[in-house]
Amino acid sequence: MLVLRRRAGEALLIGDEIEIELLAVSAHSAKIGIRAPKDTVVLRKELKVTQEQNVRAAQGPVPAEMARALEKLRLRTQEPAPHPDKPIEN
Amino acid sequence: MPSVNTKYFGTVDYCQESVFDFPFGLPAFEHETSFVLLESPEHAPLVFLQSLAEASLCFLAFPILVVDRAYQLGISKDDLAALDLETTHQPVLGTEVLVLALLSVHDGSSPTANLMAPVVINLRTRRALQAIRGDRLYSHVHPVAAPEGPC
């Protein structure tokens, strides 16, 4: 990974069309401005990770896999949590 | 009583109190804005988040404390506001909000839970969203069962 040190107000370029500007820094976060072509997708990484994980979660399991997985989970979850969330009664 | 076609249980009757409104959908499923929470005693504490519009879309989930009994909420102010919750403090699990970790199981591997982006439901309004944490305190693939040992 390329590591650069920048101060607030300074910018950097990625290729010819993408500009990243460091707008402000504080103890816990940095405010970043991005100039990029409209067709460039800019996403917070954790959103992309969540999208991919949701697609995986929605794919399965098939019932047979679920039965196996539940069996494993049952072994793990026999001890109830001290203050479990109360799901709404169906 | 209305009924819904489900992925795992055929056609199931449900009550309106079990329906949750996801105004923004879930990431990658932005158009799915209405889910019903199904439980079956046989599978407890597993719950099923079934899309009302799409029978083939059903997430498996655990109440988050089942996965990690010490789990600390880290819902952003934006997400708290979108859920009509106080933004000055984290809500109380179980009374103000129901928090679910979505499960992934594939290819016979051990199931994992997404603790980085739990589904948070405001129990008063039944409004819900997937609250993505910006910190790196929790994994999106947290193992929820020990791998099977050699036989």
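Residues are numbered from 1 along each chain as its sequence is written, while chains are lettered from A and ligands numbered from 1 in the order in which they are written. Because the model is predicted, local features need pLDDT of at least 70 and side-chain atom pairs count only at pLDDT 80 or more, whereas totals for chains, interfaces and linings use all residues.

**Figure 1**
Chain A contains two helices and three strands, arranged β-β-β-α-α from the N terminus on. Helices (H or I, at least four residues) and strands (E, at least two) are DSSP runs, numbered from the N terminus. The pLDDT, which is the predictor's confidence in each residue from 0 to 100, averages 80 in chain A, and 67% of the residues score at least 70. Confidence is highest in strand 2 (residues 18-25) of chain A, with a mean of 96, and lowest in helix 2 (residues 63-76) of chain A, with a mean of 61. Over residues 79-84 of chain A, pLDDT stays under 50, and the model has 10 contacts beyond four places in sequence for this stretch. Two residues are in contact if their C-beta atoms, placed from the backbone, lie within 7 Å. Where pLDDT is low, the predicted coordinates should not be read in detail.

**Figure 1. The open sheet of chain A.**
Three strands of chain A form an open, antiparallel sheet in the order 1-2-3. Strand 1 (11-14) and strand 3 (30-35) of chain A are the edge strands, each pairing on one side only. From one strand to the next, the twist averages 25°; the axes are lines fitted to C-alpha atoms, for helices over the stretch in contact, and angles run from 0 to 180 degrees between N-to-C directions. Two strands pair if DSSP finds at least two bridges between them. Strands 2 and 3 of chain A are joined by six bridges in the antiparallel sense, and Val25(A) has Ala30(A) in strand 3 of chain A as its bridge partner.

Ile14(A) lies in strand 1 of chain A. This residue is exposed, because 11 other C-beta atoms lie within 10 Å. A residue is buried if 20 or more other C-beta atoms lie within 10 Å of its own, exposed if 12 or fewer, and partly exposed in between, with C-beta atoms placed from the backbone. Ile14(A) and Ala36(A) are separated by 22 residues in sequence and by 9.4 Å in space, C-alpha to C-alpha. Of the 90 residues in chain A, 11% are buried. Among contacts in chain A with a separation of 6 or more, 0% join residues 24 or more positions apart.

**Figure 2. The largest nonpolar core.**
The largest nonpolar core has 51 residues, and those touching the most other members are Leu49(B), Ala61(B), Phe62(B), Leu100(B), Ala101(B), Leu103(B) and Val120(B). A nonpolar core is a set of buried Ala, Val, Leu, Ile, Met, Phe, Trp, Tyr and Cys residues joined through C-beta atoms within 7 Å. Helix 1 (45-59) of chain A is one of the elements that give two or more residues to this core. Strand 7 of chain B gives the most, with seven residues. Not counting residues up to four places away in sequence, Leu100(B) touches Val47(B), Leu49(B), Ala61(B), Phe62(B), Pro63(B), Ile64(B), Pro118(B) and Val119(B). In soluble globular proteins, nonpolar side chains tend to be buried together.

**Figure 3. Strand 7 of chain B and its partners.**
Strand 7 of chain B is largely enclosed by the rest of the structure, because eight of its eight residues are buried. On one face, Val97(B), Val99(B), Ala101(B) and Leu103(B) are buried, and on the other, Leu98(B), Leu100(B), Leu102(B) and Ser104(B) are buried. Strand 7 of chain B pairs in the antiparallel sense with strand 6 over three bridges, with strand 9 over four bridges and with strand 8 (residues 112-113) over two bridges. The bridge partners include Pro63(B) with Leu100(B), Leu98(B) with Ile121(B) and Ser104(B) with Thr112(B).

**Figure 4. Two loop residues of chain B with positive phi.**
Ala28(B), a residue other than glycine, has a positive phi near 80°. Ala28(B) occupies the loop between strand 3 (19-21) and strand 4 of chain B, and is partly exposed, with 18 other C-beta atoms within 10 Å. Arg126(B), likewise a residue other than glycine, has a positive phi near 60°. Arg126(B) is in the loop between strand 9 and strand 10 of chain B, and counts as partly exposed, with 16 C-beta neighbours inside 10 Å.
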